[in-house]
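Student: I would like to learn how to read a chain contact and a sheet from a model. Please take me through this one.

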Amino acid sequence: MIEPSIALYGEAFAKVTASLDELLTKAHVRYAMLVDRKGFVLAHREALWAPKPPTLDSIATLIAGNAAATSALAKLLGERRFNELVHQGERIGLYVEEISNEGLLVVIFDETAPIGRVKLFAKKSIEEISGLIDSLGSVETTNADLGNDFALDASALLDDLFKGM
Amino acid sequence: MSTINFAAREINCKIVYYGPGVAGKTTNLKWIYKQVDDSVKGEMVSLATEDERTLFFDFLPIDLGTVQGFKTRFHLYTVPGQVFYNASRKLILRGVDGIIFVADSAPNRLRANAESMRNLRENLQEYNLSLDEIPMIVQFNKRDLPDAMPIEMLRAVVDPKGQFPFQEGAASSGGGVFETLRAVSKMVLERLAKSK
Ligand SMILES: Nc1nc2c(ncn2[C@@H]2O[C@H](COP(=O)(O)OP(=O)(O)OP(=O)(O)O)[C@@H](O)[C@H]2O)c(=O)[nH]1
Ligand SMILES: [Mg+2]
């Protein structure tokens, strides 16, 4: 089973959210997300004025795929890693930077946010969040009480899902 | 499907469609995307070349529902089958829970099937995994071809020890697509229940 690399809940989740909110307001960006290198969305915030974002899962999967390809490239070239990635279109910009080992900060902004400002506040968020993440333990696997009932239940749901197909 | 708060208990299973180029991996995923209800599927992401060959991966998330208090979700991926793209294939295999090996029944792809299976074993080994532990099903696809090779012959090449369950498929018209996915999903979930 693939699990998110970072167990983010409770107080830590609230703190990350607060940091992302601050980034949203101060840098005037549309969306700020924390995703992990496997493509899980760990936290997502959007500005009140921003239009509805595209599917977050798609964004996270592509960001993670991109990061995996980039880091494989870095290794090939004898670098430990490449830092921040910025894509700037005519209207929309995308900023991605590593947070701690397993996390990625994703910031999506438009022409109302100067890139310098985005980077400045993104770095600040990264500092806050990486400190937080490093203080968390690794993910505890949710193995507790799966058993026969689980297999039976799951099996019934599978039959349901594919019913009549 | 937005933010995940990990106080919520979730199970995520990664299922990878593997196999040689043009065997029909992407076709399987497209069929699933087309047929399942909007309420259980996410967007399908495809990174492909101009001529629709997979370049990096296809991705489709499917929500199974809540099982014993766990929100259960399948992440379906296809790899690029072309030999050339092995670096991408390796990346996609990371963290795999179950594999659907899509073999091509066309006579001129016999060798490609065998090579892809060998490549799969090698790539898994780099993650210290093997097919003895990862659930896998073989789908013999393109059974609709008039010159499709006999199953026994395909199996002798792809799975000489007769180790893996298999399913016949004609993915472009949906044949065997769900049966294959259901079978591997059950294997994955059973393994999950057992390993705990
Ligand atoms: N006759 C027949 N053709 C099929 C079947 N399934 C797929 N095809 C065709 O085979 C071609 C390749 O299918 P894809 O699904 O793109 O193959 P793939 O395995 O994803 O290939 P790569 O992305 O290169 O690895 C397409 O033209 C499909 O229409 C089938 O069951 N029967
Ligand atoms: Mg493909």
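Tutor: The contact draws 46 residues from chain B and 40 residues from chain A, where contact means heavy atoms within 4.5 Å. The model is predicted: local features need pLDDT of at least 70, side-chain atom pairs count only at pLDDT 80 or more, and totals for chains, interfaces and linings use all residues. Residues are numbered from 1 along each chain as its sequence is written, chains are lettered from A in the order in which they are written, and side-chain values use heavy atoms, leaving out hydrogens and water.

Student: How much area do chain B and chain A bury between them?

Tutor: Buried area is the accessible area (1.4 Å probe) that two parts lose on being put together, summed over both. Here chain B and chain A bury about 4,000 Å², with 70% of it on carbon and sulfur atoms.

Student: How many salt bridges does the rule find across the interface of chain B and chain A?

Tutor: The rule asks for a side-chain nitrogen of Lys or Arg within 4 Å of a carboxyl oxygen of Asp or Glu. It finds three across the interface of chain B and chain A. A salt bridge joins the side chains of Lys186(B) and Asp159(A), at 3.3 Å from N to O.

Student: Which elements of chain B supply the side that touches chain A?

Tutor: Helices (H or I, at least four residues) and strands (E, at least two) are DSSP runs, numbered from the N terminus. Strand 1, strand 2, strand 3, strand 4 (70-78) and helix 5 (177-195) of chain B each give at least two residues to that side.

Student: Now the sheet. What is the order of its strands in chain B?

Tutor: Strands of a sheet pair through backbone hydrogen bonds, either parallel or antiparallel. Two strands count as paired if DSSP finds at least two bridges between them. In chain B, seven strands form an open sheet in the order 2-3-4-1-5-6-7, with mixed pairing. Strand 2 and strand 7 (166-168) of chain B are at the edges with a single partner strand each, so one side of each has no neighbour in the sheet.

Student: Where can I see both senses of pairing?

Tutor: Strand 2 (residues 45-48) and strand 3 (residues 54-67) of chain B pair antiparallel over three bridges, and Ala48(B) stands opposite Thr54(B). Strand 6 (residues 136-141) and strand 7 of chain B run parallel, joined by three bridges. Gln139(B) has Gln167(B) in strand 7 of chain B as its bridge partner.
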